[in-house]
Amino acid sequence: MSVHYNRFKSAALGCVALAALVVSSFDMARAQSATDPGETAAAAIERLTARGRGARTVALSELGIRRSIVLNGMDARRDLFLPVPAGVPIRDARVDLEGRYLRGEGGRTTYVAAVDSVPVLSRAVTEDQGAVSATLPVTGEPRPSGFVNLNIAWSSVVGRDLCDDERSIGNVLEIDPATRFTYSYDTAAIRDIATAWSALPTKPVILVPNGTLPQEVYDAAWRIGVVLARGGKTAQIRTLPRIGDEVDTTGLTVPAALQAVGPFQSLARGGRVRIASDAEVGALLLLQRQAGLEADIVIGSDSYRAQTEAALQALEGQIAGLSTDAAANIAKWRAESRTAVVEVNDTIRLLPGAGHPVIAITAQGGGNAAGFLSELWRPLGLVPAVRVAAANGPDFANAPSLPLSLLGGRAGSFDVLARGEWSATFDLSSTFTGGRIPEGFQLDVSAAPGAGTSPAIASVFFNDFLLGARSLTADGRPERIAVSVPNYALLARNTLRVVVQRQPVSDRCREVPQAFPVAVLPSSRVMLAQAPSAVSFIGVMPRLSDKATLVIPRAYLADPATLGRVISLAYAAGVPPERSDFTVVADGAEARPENAFLAVDARVAGVEGKVHVEGGRLVLNGSGNRPMLDVSGLSRLGVAEAVKSGDRYGVVYRTIGQEAPVLNPNFLLGRGDVAALSADGTLVAIDTQSSDGVAAATERDPFSIFTQVGRSFGAIVIGAGIIVFLLFVLLATLARRAASRRQ
């Protein structure tokens, strides 16, 4: 049954009024400090619910940099962008730089670190090898962009004589992914939706009610999770605790003044505790910053409100017997959140709480919220609440091409001494509609003249595939580079890079080599074409990006942990959260989606795939229905397959074995039509339709119509020439015969 929402229920935001109270987190040092034996129960409640400072520590590995950054050569630089709340002052900020260096070729070797273009560290390297460990200060002024720019520069000069060859492979600087950025900020400074979104951690928590989730809550949660994934964040799904759950209270600090209250007594014992009452749930909510219940996003629903109300009312009744002032503080805490809700029909609302504000999403407005929180519209959220009736991207279904600025590529100049790079990263689902894909690029590049005679070389890479390169005239005038995009290079998320290389020379070596500017111009465009008809991931993803239907079994609603799997698969396949339908099918029933689909452990009518899963057995059939693979006893695996039913394309995912894998949140579907998945990402990807098991490399010309016309014209000219030649030979023969007769 498809879920369609035309209006928002008034109860949805009523529940999140209370959510802000129970799901916010603040300064951990203050929250977990040793309790004061002289503190009253009322003071303890006030301290636990008071606003504080938010603290963040972000490692490069959490930002997607999982391998060491290696800098070598005579001049190498790398810019890193570290997220902070946009426009909010920060305090106690620093970067702990970790890495190592190798200096096998000697010479003068130096590395410099700069923060927001201001140098803060300069070190000369004199040993053959060593560790890099330094603390870089970061100023506290607000960053409207939401990022701190960390630049690392490496210089290695090994030549001793004038004009020596400076190329070296033995001098290397390596930046470790353990390099981390630490800061704190005043959570009271976050007053609008856009700023709150920029303040989210790399692994934000989405809190949902316990038990079987309402269909609209599950729907809203997966949509918001995919929006987070597009922004490089990994959603963590947590549920409210309930009676009968077992929780680990090791390290939980209960204020001395509250240890006499029954619900807190059991929590203060430490170790694993089974929750026995609603009051104990309320106690966990009061201590949520230590109990792992802190949340950044709440999906509002009637069930959530009922569960939190029951827990806090029970706790308030228990505390009232100890101290009326303490009970009054809890009542005040709850009332402050209620008075913040002015419009109960808001789709997205920022609610104040005891710590950092919480982003509350109305369950019935999940699709509209996902559209508004996308990169395109989110900057408009300079208010604490919005009511979204529609939020979609522009419709480019009939446009033959698009400017690269829509793909995230900013036009501008950059200086190139030896090597410079320009890049743009974009998702198929958020950029292209109408079932189309990039067919080619028209890149307009302008380069200033250099000091030497060697030309600058521009190379174009797409997802690390070299598509083309050319020598630039470099006279300051625009030059066009046209390249085609092969199908095998496409992914759900794509990166286009233009790398420009120059020969670093100076005037007869009497001057230091200098850099010269290169620009990628705004007239650069991507050429579009219809997606290939092949039943492969590349053929399916563009159709999913237009409009898709996500299909799950009803059993998934009873297990909120499946949300992580659904979010990972929807992101990997390029399912657009703002313009997709959501269908839940009963166990054993078949879905009948009207458009392209992603089915997760659910059956779709008319689909006869090559993959068959029965428990821990996996059967994969090749051409002629001949088994390519038949193996049993598998577990902690999943398999995704590109399929077609009638005129509908789709991706079907099936869990293999009794234990489902925790899918890698950053993997993407790519080449082939069958992929085996695990926690490590894609283990095996094959194309069962290709003779060599890999996707065919089809080269396409973005200007194919002109190429075809040119080829046809050439064929006509050649054919006409042959005919003229034959006629000439025939006429010459006839002339000779006539002449011989006259003689």
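**Exercise 1.** State which residues line the second largest cavity, and give the classes of that lining.

*Solution.* Step 1: the lining of the second largest cavity consists of Arg56, Tyr185, Ile190, Ala196, Ala199, Leu200, Asp296, His356, Pro357 and Ile359. A cavity is a set of points, on a 1 Å grid over the protein atoms alone, where a 1.4 Å probe fits but cannot get out, and lining residues have an atom within 4 Å of a point.
Step 2: by class, this lining has 7 nonpolar, 1 polar and 2 charged residues (Ala, Val, Leu, Ile, Met, Phe, Trp, Tyr, Cys and Pro count as nonpolar, Asp, Glu, Lys and Arg as charged, and the others, Gly among them, as polar).
Step 3: the space in the second largest cavity is about 80 Å³, where a volume is the space filled by probe spheres set on the points, joined across faces, edges and corners.

The model is predicted, so local features need pLDDT of at least 70 and side-chain atom pairs count only at pLDDT 80 or more, while totals for chains, interfaces and linings use all residues. Residues are numbered from 1 along each chain as its sequence is written, and side-chain values use heavy atoms, with hydrogens and water left out.

**Exercise 2.** Describe the largest cavity.

*Solution.* Step 1: the largest cavity holds about 110 Å³ of space.
Step 2: it is lined by 13 residues, of which Gly450, Ala451, Gly452, Arg502 and Gln503 are the closest to its centre.
Step 3: by class, its lining has 7 nonpolar, 5 polar and 1 charged residues.

**Exercise 3.** Determine how helices H7 and H9 pack.

*Solution.* Step 1: H7 (residues 278–286) and H9 (residues 302–320) have axes 7 Å apart, at an angle of about 95 degrees. Helices are DSSP runs (H or I, at least four residues), as are strands (E, at least two), numbered from the N terminus; axes are lines fitted to C-alpha atoms, for helices over the stretch in contact, and angles run from 0 to 180 degrees between N-to-C directions.
Step 2: the two helices are therefore roughly perpendicular (65 to 115 degrees).
Step 3: by class, the contact (heavy atoms within 4.5 Å) has 10 nonpolar, 2 polar and 1 charged residues.

**Exercise 4.** Give the strand order of the open sheet of 7 strands and identify its edges.

*Solution.* Step 1: the order is E30-E29-E32-E38-E37-E39-E40, with mixed pairing (two strands pair if DSSP finds at least two bridges between them).
Step 2: E30 (580–585) and E40 (681–686) each have a single partner strand, so one side of each lacks a neighbour in the sheet.
Step 3: from one strand to the next, the twist averages 20 degrees.

Conventions: Parallel < 35°, antiparallel > 145°, perpendicular 65-115°, else oblique. 1 Å grid on protein atoms, 1.4 Å probe; cavity = no way out; pocket = protein on both sides within 12 Å on 5 of 7 lines; lining within 4 Å.
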